[in-house]
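Open the model in your viewer and keep the selection panel at hand. This tour goes from one selection to the next and says what is there.

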Amino acid sequence: MKNELQILMLEDVAADVVLINHELRKAGVPFRTRRVETREAFLRELQQHPPSLILSDHGLPQFDGFTALAIAQRECPDVPFIFVTSSMGEEVAVETLKSGATDYVLKEHIGNLVPAVTRALRLSDERRRRHAAESALSESEEHFRTLVDGVRDYAIFMLDPEGLVTTWNAGAEWIFGYREAEIIGRPLATFHFLEVGDPHHPELMLRSAAGAGHQEAEVQLVRKSGTRFWASTTLTALRHPGGRLRGFANVTHDISERKRAEEALRRSETAKRVILETALDAIIAIDQGARVREWNPAAERMFGYSREQAVNSTLDVLVIPPPLLEIYRDGLATYLMTGAGSLLGRPIELRLRRADDQEFWAEVAIAREPSEEGANYTVVIHDIEKRKQAEERFRRLNEELEQRVKDRTAQLEAANQELEAFSYSVSHDLRTPLRHVGGFVEILEGRLGPRLEDNDRKLLQSITEATRRMGRLIDALLAFSRLGRADLRKTAVNLGDLVASAIGELKSDAAGRRVDWEIGPLPDVHADPALLRQVLLNLISNALKYTRRRSCTRIEIAGQETAEEVVCHVRDNGVGFDRRFAHKLFRVFQRLHSATDYEGTGIGLANVRCIIQRHGGRVWAEGTVNEGATFHFSLPKAKGTSDDPS
Amino acid sequence: MTRLNRILVVDDDENDLQLTVSELERSGNATSIDVARDGMEALLFLRKHAAPAGRRPGPPDIVLLDLHMPCVDGLEVLREMRRDAALRDIPVVVFTSSPNEVDVRRSYELGANAYVVKPMDYGRFGEVVRQIRSFWIEHNVPPPVAGSRAASLSAAT
C-alpha cells in the first residue's frame, strides 16, 4: 500500500509491541511494523525497507536507542525518530531531543503516541518538501549564474548591504574594465565620479533602492581606464525572508551609442530649429498635397500669415496670386506626373502674394525629400522685390543715361558740324579777299608797269607780303582747330626714332650752322605718332629758331620714365624768355618775341599743348632771358588714359 | 576762219570774276568770255544758247563753275545741265575755293569734268586760270554737238 506507514520498531518486549500496535491501530492510520532487536537487523532494515517512522525503546539487551538514533541520523536524517520508553528521567528526555530525536513518548502515557507520531510525520513531511525546494532552488541558481556570467552586454553584479561588490560577471568586466579579483569588495562609488548631493550619487541610489526596492537611472559612469560613458543602471534591493537587507543586484548597460545618437539628433534638431528661426528667407515645408507643415518666422513676416494660420493650409492658395493659380497648378501637375519640372533644383522668380493682397517678386527654390507618403518639399523663398525695384530703377537710369549720351553726342556732332562750317567759312571767306588784294595789286603793277616809282613798287610789295602772311596765319589757325578734333590713334612709339626723324626733317633749317645735338635716353611712349611728331617738330624748330644768333647752338633732348608717365624735354641755349610771361607761351597767337626778329604764326606751342593735353599729359616751360629755354612735356603710360587705346 | 572759242565763267564773287576774266583775256585772243553772277543766270544763259539761232552762237566750249553761290548754287547748275540733252555734253570745270571732300565727290557724281581749287596766292591763281584755258580750249577736243559748231568744224575741214 502506498499510503501505508512503514514503521521500524526497535523493541525487545513483545507486550510493548502489541501495546504500541494497538495504540496505532486505534488512530486508524494504516501501517506496517517491522521489529528489530539488534544493530545488524536495524541497519539491514534501514537499507532494505526504508521506514517512514522509527520508534525506538531506550534500553535493549543487545543494542541501545542513542546508538540507533545516531545511525538513523546518518542513514536517513529525514525519517522521524521517536523514543518510546518506559523509564526516562527528565535529563535523559532532554538529552534525546538534543541528540536529534523527533520526540519521546513514555509507555506509561502511551496515549501520547499517536499525537507524537502525527506531529513527527508532519514535521518530516515539511522538512522533505523544504529540502526538495532547496535543491530545486540551488539548481535554478546554478543555471542563472551561468546565464549571468555569460552576458557580455550587461554588467550584472551583486552588492552587499554596504554597497560593496560581491559578484562580478563577464559583462561587468567588459564594460568597466575591472577583473573580478580587482573589484570584489570595492564600493559602488568606484564607477562614479559624481559629487555627494547629486541625485545620482551612488549613496543616494543605494538608499533609494533600499527604500523603494528598485532604482533606475541614466548616469555617466567611469571605466577603469578613466573614460566616461553613459550607462543605464538598475539597482534592486535584495532582502532576507524576514525583510532584512541582504544586498543589491546591479544591472548596468552601456548606452553611449544611444546617447550619442540622441545627442546628434538633438543637435541636428536644434540646428534645424535655429536655422528655421533665424533664416531671413521664408522656409516652408509642404507635403505631397502642398499642405503647409512648417512655416518659419521669416515666412510669417514675409507673407503676414502666422504659423497657426498657415500650417495645414494649402500653399498655393496662400501665396500664389489668383491670376497665376492655373499656371502654377499646371506646372505642379506636370511635375508630379513627370517627376521633373522647372521648379525643382534651381531658383525661379515668381510673383507671390502677401496676406494683404500686395504682390511682390520672389526667388523660389524647392527641394524634394522622399517620404513614406510620397514626398515632402522644402520651399525657400527670398523676397527680391527691393532688388527688382532697384533693377528697374537701374534700368530706367541706364535708359536715361543712354538718352543723355545720345543727346550729348548729337549736340557734340552739331557743334562739330558748326565748327566745320566755321572752318570752311574761315578758309573760304577770309582767304578769298586776300587773293583779291593780291590779284588786284598784281594787275595794278602790270598796268602801271614802268611808270611805277621804286617807293610805290615797294608799297605794293608790302601789300602783297602782308596778304601772304595773313594767308599763313589763317592756314595755321585752321590746322589748329582741326587738331582738337582729329582722332587719336595711339600706339607704342619709339621716341628715339621719332626725334631722329624730326631732326632730319629740320636739318635744312640749320643749314650752315653749327649745332650740337645732345640726345639723351628716350623711353618708348604710348601716343599718336603723327601728332607726337608734330610736337617734336614744333619744339625742335623753335629751339633752332631761337638759337639762330648763337655762334654755337646746343640742343638737348631727353626723357625720364616714372611709374605713371614719361617726361621729355627739349633744351636750347637760345634767347630764352622772361619767365614772368611763361604762362602766355602756349596760347594761340601769343608771342614773346617780335615776328620781325623770329618769324612764326604764334600757333606752334598752342598746337604742342593741344596735342599733349589730348594725350592726357602736361606741358610747361622754363627759361631765362638770353640763357636758353627748356620745354617739357609728359605722356601717361599706356593704361589709364581715357582716349582710344588702339 | 578761226573759230571763236567761247567760255562761260559762273561766279557770284565780283572780284574773283573780275580776276578770272582778266587772266583769261590776258592769256589768249580768240576767246569770247561770257559771265554769269549766279546759278540762275547761268542756266538761263545756257538754255538760251543751247543751239545756235541766227546770229546767236551756240553753247560755250567750257563752263568755269563756282560752287557756293546764293539761290541756285553750282551743284544745281551742274545737275540741271546733265539732265538737259542739249547741255549734257558741255565740259564743266568746277572752280571753287572749297577743298571740301564732300563738294569734290558731289561734283564728280553730278558729272563735273574737273575740279580745281582756287589757289590762295594770286600768282598761282593766275597760273591755274591760264592752264585751265590752255587745256580745255587749246588741247581738249570737245564732243561734237548739233548746230553751228558742228557745221563750222565740217566747214573747216
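Helices and strands here are DSSP runs, numbered from the N terminus. The model is a predicted one.

**Stop 1: the second largest pocket**

Select helix H5 (113-150), strand S6 (154-159) and strand S9 (245-254) of chain A. Each of these supplies at least two residues of the lining of the second largest pocket. Which element gives the most to this lining? H5(A) does, with five residues.

Now find the centre. The lining has 18 residues, and those nearest the centre are A:Phe144, A:Arg145, A:Val148, A:Met158 and A:Thr167. The space in this pocket comes to about 500 Å³. Colour the lining by residue type: 10 are nonpolar, three polar and five charged.

**Stop 2: the largest pocket**

Move on to the largest pocket, which holds about 720 Å³ of space. Its lining counts 33 residues. Select A:Asn542, A:Lys545, A:Tyr546, A:Glu599 and A:Gly600 to land closest to its centre.

Next, show helix H15 (454-483), helix H17 (529-545), helix H18 (604-614) and strand S21 (629-636) of chain A. These are the elements that give two or more residues to the lining of the largest pocket. H15(A) has the largest share, six residues. By type, the lining of the largest pocket divides into 12 nonpolar, 11 polar and 10 charged residues.

**Stop 3: helix H3**

Select residues 65-75 of chain A, which form helix H3. Highlight A:Gly65, A:Ala68, A:Leu69, A:Ile71 and A:Ala72, which are buried. Why do these residues sit on the same side of H3(A)? Because they cover an arc of only 165° around the axis.

What do the buried residues of H3(A) pack against? Show strand S1 (5-10), helix H2 (39-48), strand S3 (53-56), strand S4 (81-85) and helix H4 (90-98) of chain A: these are their packing partners.

Then go to the N-terminal end of H3(A), which A:Asp64 caps. One of its side-chain oxygens lies 3.2 Å from the backbone nitrogen of A:Phe66.

**Stop 4: A:Val364**

Finish in strand S13 (residues 359-371) of chain A, where A:Val364 has its place. Is A:Val364 buried or exposed? Its relative accessibility is 5%, so A:Val364 counts as buried, the cut-off being under 20%.

A:Leu350 and A:Val364 are 14 residues apart along the chain, and their C-alpha atoms are separated by 7.1 Å.

Technical notes:
Residues numbered from 1 in each chain as written. Chains lettered and ligands numbered in written order. Predicted model: local features only at pLDDT ≥ 70, side-chain atom pairs only at ≥ 80, totals over all residues. Heavy atoms only, no water. 1 Å grid on protein atoms, 1.4 Å probe; cavity = no way out; pocket = protein on both sides within 12 Å on 5 of 7 lines; lining within 4 Å. Points joined across faces, edges and corners; volume = space filled by probe spheres on them. Helix = DSSP H or I, 4+ residues; strand = E, 2+ residues; numbered from the N terminus. Nonpolar A, V, L, I, M, F, W, Y, C, P; charged D, E, K, R; others polar. Buried < 20%, exposed > 50% of the residue type's maximum accessible area, 1.4 Å probe, protein only. Arc of directions from axis to C-beta. Contact = heavy atoms within 4.5 Å. Polar contact = N/O pair within 3.5 Å; in protein donor to acceptor, adjacent residues only side chain to side chain.
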